[in-house]
Number of protein chains: 2
Amino acid sequence: MGPRAFLLLLLSFLAPWATKALRPALRALGSLHLPTNPTSLPAVAKNYSVLYFQQKVDHFGFNTVKTFNQRYLVADKYWKKNGGSILFYTGNEGDIIWFCNNTVYFYYDNLEEMFCSVYDQALLFLIDSRHLNFLTSEQALADFAELIKHLKRTIPGAENQPVIAIGGSYGGMLAAWFRMKYPHMAVGALAASAPIWQFEDLVPCGVFMKIVTTDFRKSGPHCSESIRRSWDAINRLSNTGSGLQWLTGALHLCSPLTSQDIQHLKDWISETWVNLAMVDYPYVSNFLQPLPAWPIKVVCQYLKNPNVSDSLLLQNIFQALNVYYNYSGQVKCLNISETATSSLGTLGWSYQACTEVVMPFCTNGVDDMFEPHSWNLKELSDECFEQWGVRPRPSWITTMYGGKNISSHTNIVFSNGELDPWSGGGVTKDITDTLVAVTISEGAHHLDLRAKNALDPTSVLLARALEVRHMKNWIRDFYDRAGKQH
Amino acid sequence: MGPRAFLLLLLSFLAPWATKALRPALRALGSLHLPTNPTSLPAVAKNYSVLYFQQKVDHFGFNTVKTFNQRYLVADKYWKKNGGSILFYTGNEGDIIWFCNNTVYFYYDNLEEMFCSVYDQALLFLIDSRHLNFLTSEQALADFAELIKHLKRTIPGAENQPVIAIGGSYGGMLAAWFRMKYPHMAVGALAASAPIWQFEDLVPCGVFMKIVTTDFRKSGPHCSESIRRSWDAINRLSNTGSGLQWLTGALHLCSPLTSQDIQHLKDWISETWVNLAMVDYPYVSNFLQPLPAWPIKVVCQYLKNPNVSDSLLLQNIFQALNVYYNYSGQVKCLNISETATSSLGTLGWSYQACTEVVMPFCTNGVDDMFEPHSWNLKELSDECFEQWGVRPRPSWITTMYGGKNISSHTNIVFSNGELDPWSGGGVTKDITDTLVAVTISEGAHHLDLRAKNALDPTSVLLARALEVRHMKNWIRDFYDRAGKQH
């Protein structure tokens with residue numbers, strides 16, 4: 001990994017035309033799982049209505065009266081108007097429809113209602129960059145609060161029902177934070193794969209890439225070792241013009257490599273391994289890319305032997321990359337300017353990562369299979385200032401949401417998959433009786449939120465059952481309290 | 001009370017030169033207890049250091065990097081560096097030094113440390129009106145959080161000590177809200193005379209003036225009835241030029257009354273009764289004005305007979321007003337442009353009352369001793385827009401802080417004096433075991449926060465003992481938990 005690789009999760013795709021500036025490695029760490037093609041919706045998409053709410057651009061100041069049309073989805077097919085409940089999906093940094101189609105179906109079958117809310121905020125604010133200043137988690141939580149009030153005011157039967165916040169990844173952080181900051185609005189929250197501790201020094205900065213490495217190490221003999229050795233092989237091969245030419249061909253790249261591209265190439269490959277760790281699901285899926293079941297195992301079949309020549313190692317690396325980029329067999333060449341994510345969501349996320357969502361990452365090449373790279377806040381800050389005219393406030397999220405000191409809150413389930421690199425920054429041990437951790441040993445990034453699948457491992461079935469039990473308890477407690485008051 | 005009297009608590013003193021626009025009645029409802037002369041500090045003032053902290057102007061946006069020097073006070077004479085605790089006084093809308101001199105001395109004697117923080121925000125932001133947009137409770141709470149982090153970082157010994165938020169009136173609301181929103185920063189809060197429910201329809205809009213009336217009714221025979229009758233007497237007398245001239249003389253006013261001044265005169269008198277209800281303390285005091293012990297009783301000695309002629313009734317009213325405005329005997333004439341409060345704090349408060357701190361008040365002349373006046377949000381909104389270019393968001397405080405639905409929070413003591421009209425919007429019954437109400441039967445506006453006095457009634461002594469017991473429990477629990485973690 002290059003000296004500025006960790007920065008790239010923030011700044012990639014800001015200038016996709018500028019090959020020199022383009023360093024997408026670990027972009028996915030920031031902007032999670034945006035689809036290649038968000039318009040390819042599964043049939044299940046028809047189960048909800050798409051609605052709009054006039055949302056304030058700024059909840060915390062009164063100078064502006066501007067509003068935007070916040071899109072939200074309502075699915076009420078199975079909703080009980082009497083004695084039911086409201087599942088409020090706290091949307092993420094990208095397209096709400098795509099997110100809804102990829103998540104929360106399980107709960108839809110098990111409880112009485114679902115509303116999907118959207119973090120379209122990001123999309124809309126980017127259209128008018130004067131609004132970027134309001135693209136913050138605090139504004140998003142206030143959006144949720146205002147929208148819930150609106151739903152309760154306008155949907156007959158909803159007014160006196162309990163709301164449960166549900167979200168995954170960044171949306172999982174929002175769900176947890178919403179319960180913390182607006183407990184009067186949500187009786188509890190399911191925060192799936194929510195790395196609420198991936199800030200400041202709450203967890204070691206290396207934990208994320210260490211988990212990625214473990215996934216590869218456990219998925220095939222010598223797999224992580226092969227990858228660890230590949231960086232030097234690339235460095236050696238790229239020393240000569242003929243080596244660069246050979247690499248271009250061996251990796252089936254769409255554009256010829258120059259020596260300036262090498263760092264970018266390594267970042268792109270690193271990001272591919274990171275993405276695979278996030279989507280290492282037990283069945284065929286299409287989250288970031290169309291992929292086979294247990295994709296890392298498939299990848300690792302090509303990476304069994306680290307002790308081969310540089311050229312053979314890189315040919316094997318290509319086969320491994322090809323699993324990720326060309327599972328469909330339709331791709332003619334690999335484009336190191338693309339991984340899986342290309343959307344305004346990424347751009348919005350890069351702004352957030354330059355302001356409040358400042359997540360330190362690092363590698364040392366020993367505990368992980370990547371080139372060593374330390375966390376450099378100064379560098380991030382300068383790049384952010386150059387790009388957006390803002391500087392990050394790395395301690396603000398901890399000040400605002402409490403860091404590890406959250407035991408006074410209640411009714412939050414934090415679920416994490418052990419395969420998911422984001423679990424390193426997540427809550428994986430119970431904090432109190434009502435702030436509980438659910439661990440899914442065979443789970444990647446919020447597997448629990450995905451639709452039911454015949455190949456679901458036992459660990460995720462148990463996790464879902466536990467999550468639903470907690471939710472039902474919150475709902476029961478809500479109605480018990482309401483009953484006592486009447 | 002005139003048709004727009006309730007508005008005046010917001011907009012008075014904005015244009016003190018414009019006699020026509022000047023309607024100070026009930027101003028005190030908004031801007032509580034600012035001193036006539038905030039520089040007259042008691043000797044006890046020397047017990048603290050005055051320090052400054054570079055505070056962000058905007059915690060919730062990243063476009064501006066502006067800061068201001070937030071003044072704060074530290075009193076650490078009795079502080080235990082080892083095993084002690086930090087009392088964090090959440091300042092109000094006005095001068096922190098004056099507020100500190102009038103409050104929290106009792107606790108200073110009983111616990112190990114006190115810090116005073118300031119809501120100088122208001123004062124500073126008014127100097128540069130471009131910053132008014134950031135004059136909100138949310139920014140104030142974030143100020144507190146950043147300041148506490150700063151204190152813990154810079155004062156050896158403070159880092160691992162529990163913080164308790166203490167405040168009175170608006171500062172009491174901030175103390176309660178701080179515990180609600182930043183429970184990781186404060187183990188508990190004492191919210192004295194904090195009308196957190198004086199919003200929307202959480203309490204009847206008439207409750208405030210009803211309590212004012214009760215205070216007068218109970219302080220002397222026919223006292224409230226005399227005041228109730230005085231409005232019509234003023235109306236009748238002011239019908240003629242000679243009546244106006246007579247009134248000017250009878251009330252010893254500094255400037256001759258015109259018929260345009262009559263509403264303002266009645267508002268000014270109403271506000272005087274309101275102020276007296278807030279400061280009806282059992283001993284000689286100088287909070288809003290120098291006053292005798294139980295000042296309403298003294299006032300009511302002049303108001304025993306409602307069934308007298310208009311002129312005699314108004315002469316009696318003058319005697320009553322004179323208790324408030326001229327207890328020192330030094331005042332030559334009464335100025336209906338002044339009550340007790342004249343400070344930038346009032347101006348800042350009027351902005352806040354035009355944005356988020358929207359408190360409905362009303363009178364009906366039956367349950368209270370004032371002229372009937374209904375709550376008119378539309379009128380308020382238009383006046384606010386004219387004055388500040390902003391419109392109030394009356395439901396925002398409830399959305400943000402939960403209204404009556406706050407039972408999931410813990411460790412807040414809400415204290416209220418039964419004589420204090422603000423108790424009508426306060427929490428006067430226990431919500432849970434750890435959200436408790438302390439009622440002071442003989443207390444006016446946060447009597448419990450005032451310095452000890454030989455004439456303190458038993459009810460306030462008991463209240464303070466109870467408050468301190470809760471605080472000590474919070475501190476003990478904090479150290480118990482800390483001990484278990486090591």
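Modeller: Helix H7 (170-181) of chain A and helix H7 (170-181) of chain B each give at least two residues to the lining of the largest cavity, helices here being DSSP runs of H or I of at least four residues, numbered from the N terminus. This is a predicted model, in which local features need pLDDT of at least 70 and side-chain atom pairs count only at pLDDT 80 or more, while totals for chains, interfaces and linings use all residues. Side-chain values use heavy atoms, with hydrogens and water left out; residues are numbered from 1 along each chain as its sequence is written, and chains are lettered from A, and ligands numbered from 1, in the order in which they are written.

A cavity is a set of points, on a 1 Å grid over the protein atoms alone, where a 1.4 Å probe fits but cannot get out, whereas a pocket is an open set with protein on both sides within 12 Å along at least five of seven lines; lining residues have an atom within 4 Å of a point. Grid points are joined across faces, edges and corners, and a volume is the space filled by probe spheres set on the points.

The structure holds 10 cavities of 30 Å³ or more, and the largest has a volume of about 120 Å³. Its lining consists of Arg179, Met180, Pro183, Ser408, His409 and Thr410 from chain A, together with Arg179, Met180, Pro183, Ser408, His409 and Thr410 from chain B. By class, this lining has four nonpolar, six polar and two charged residues, where Ala, Val, Leu, Ile, Met, Phe, Trp, Tyr, Cys and Pro count as nonpolar, Asp, Glu, Lys and Arg as charged, and the others, Gly among them, as polar.

Turning to the open spaces, the largest pocket has a volume of about 1700 Å³. Of its 46 lining residues, His184(A), Phe478(A), Gln485(A), Lys404(B) and Asn405(B) lie nearest its centre. Helix H6 (137-154) and helix H17 (458-485) of chain A, along with helix H16 (396-401) of chain B, each supply at least two residues of that lining, and H17(A) gives the most, with nine residues. The lining divides into 16 nonpolar, 17 polar and 13 charged residues.

The second largest pocket has a volume of about 1400 Å³. Among the 41 residues that line the second largest pocket, Gly402(A), Asn405(A), Lys152(B), His184(B) and Phe478(B) are the closest to its centre. Two or more residues of this lining come from each of helix H16 (396-401) of chain A and helix H6 (137-154) and H17 of chain B. The largest share, seven residues, is that of H17(B), and by class the lining of the second largest pocket has 14 nonpolar, 17 polar and 10 charged residues.

Among the buried residues of H17(B) are Val460(B), Arg464(B), Glu467(B), Met471(B), Trp474(B), Ile475(B) and Phe478(B), buried meaning under 20% relative accessible area with a 1.4 Å probe and protein chains only.

Definitions and conventions. Buried < 20%, exposed > 50% of the residue type's maximum accessible area, 1.4 Å probe, protein only.
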